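Dear colleague,

Here is the structure I promised to hand over, with my notes on its aromatic rings below it. Please read the notes with the model open beside you.

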Amino acid sequence: MTASYLTGRLAPVPDEIDAIDLPIEGALPPELTGRYFRNGPNPRPGEDGGHWFVGHGMIHGVRLRNGRAEWYRNRWVRTTRLAGSPYVHERGVDLAAVPANTHVIRHADKILALVENGLPYEMTPELDTAGPCDFGGRLATAMTAHPKEDPITGELHFFGYGWAEPYLTYHRLSAAGELVESRPVDVPGPTMAHDFAITENHVVWLDLPVVFDLDLVGRGMPYRWDDAYGARLGVMSRGTGDVRWFEIDPCYVFHVGNASEDERGRVVVDAVRYSPGAFCGFWPTIGGAVNPAAHTGGAALHRWTLDPATGVAKDEPLDDLDVEFPTINETRTGLTSRYIYAVSKGAIVKYDTTTGTSRAHQTGERSPGEAVFVPASGAEAEDDGWLLSIAGTEHGAELLVLDAADLAQVASVRLPRRVPAGFHGSWIPDEVSGDIPGDILRA
């Protein structure tokens, strides 16, 4: 029987294509001039890696300029793993032999395709692969697929985790892209640390009970729930590296919305939380038992408030709707923010965490992907901008452009092919990616 992650909305596409002058419904805002890139797993024809998470990375790109959708193209990230190199060999682990399939970001002068078990891969604005990036030989661990750029300093904070000590290592890139700090963080054992958070003065760690199991190696993802591990959040000073740990009820978090410090010095963390039962029900689906694209797993938006003065962690649900892929206006990363966007079944949801209300844009039979926020030029309000999301069915896909304030659809770009359900993406405006001479479709 064909695994569910090779069928339906997750089914990989067989090749790379290019298309120009894409049809548009509505009117694209002219200031949306740049590139939307989205990454996700896409095994080659005939391949089955045993898990949705391990397929070779493929980036789907749409070029927008002056109200036009100039091109679409999709490209595999040409990693050494794609070329046949093993991740584990007799000398240890090859951090370049990874799928690079989870996220694509821009920092400083680099566009990076990310996956959490190895090195990032540098890409060009035209989606050619430049090669693995270890920041001048300074990065000796894996790099998370969820780094956080400080909007005040321009620094990029990230971490690497693995199954050998040190299990967790914090890293910091300067605004110019130089690796300037690496420090081990003491945790009891190897866990699946998918995300984290920053605030203006702290880094927030998620030390949660999904642990590495050597007996599962070679059988998909070698991680499982472990009641004995416990669950805690760590608040690390960005200045000293000291960590204060807060015990919390057992749960798992794939994705953080945001974190910040309130007027009392408490650290507030908003994230999508899986209860133990929800995680254990959802985790097997990713390995192919049923269709994971149609199952958010009973995860809902949740808030933890961590008080350094008392050592107490307070937690509260913010909603009970099944959601995933929370995003924000990233100019508010680590700072107090009001709005969180997320994806539910057949809808893109906007949360107002100040009023406790939400609204949704229904996408019908089209399954929406992560909604990436793009701030409007000269924006004064936090939600003054647009949301970009690839929504699709088993037969086709489009790039939706929504007004981030009221979730009204502004435009949609019809893509020339079906796009498999994937993970994360970024908007890279021209002032970052460059208005490249000769930026036309190349044969």
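Which residue lies over the face of Trp71? The residue is Arg73, at 3.8 Å from the ring centre, where a charge sits over a ring if NZ of Lys or CZ of Arg is within 6 Å of the ring centre and within 35 degrees of the ring normal. Likewise, the charged end of Arg232 is found over the ring of Trp245, 3.7 Å from its centre.

Please bear in mind that this is a predicted model, in which local features need pLDDT of at least 70 and side-chain atom pairs count only at pLDDT 80 or more, while totals for chains, interfaces and linings use all residues. Residues are numbered from 1 along each chain as its sequence is written, and side-chain values use heavy atoms, with hydrogens and water left out.

Searching the whole structure gives 24 aromatic pairs; rings of Phe, Tyr and Trp (its six-membered ring) pair if their centres lie within 6.5 Å, and planes under 30 degrees apart count as stacked, over 60 as edge-to-face and the rest as tilted. One of them joins Tyr252 and Phe254 edge-to-face, at 4.9 Å centre to centre with 80° between the planes. Phe254 also pairs edge-to-face with Phe282, at 6.1 Å and 85°. Because Phe254 lies in strand 22 (residues 252-261) and Phe282 in helix 1 (residues 276-286), this pair ties together parts that are 28 residues apart in sequence; helices (H or I, at least four residues) and strands (E, at least two) are DSSP runs, numbered from the N terminus.
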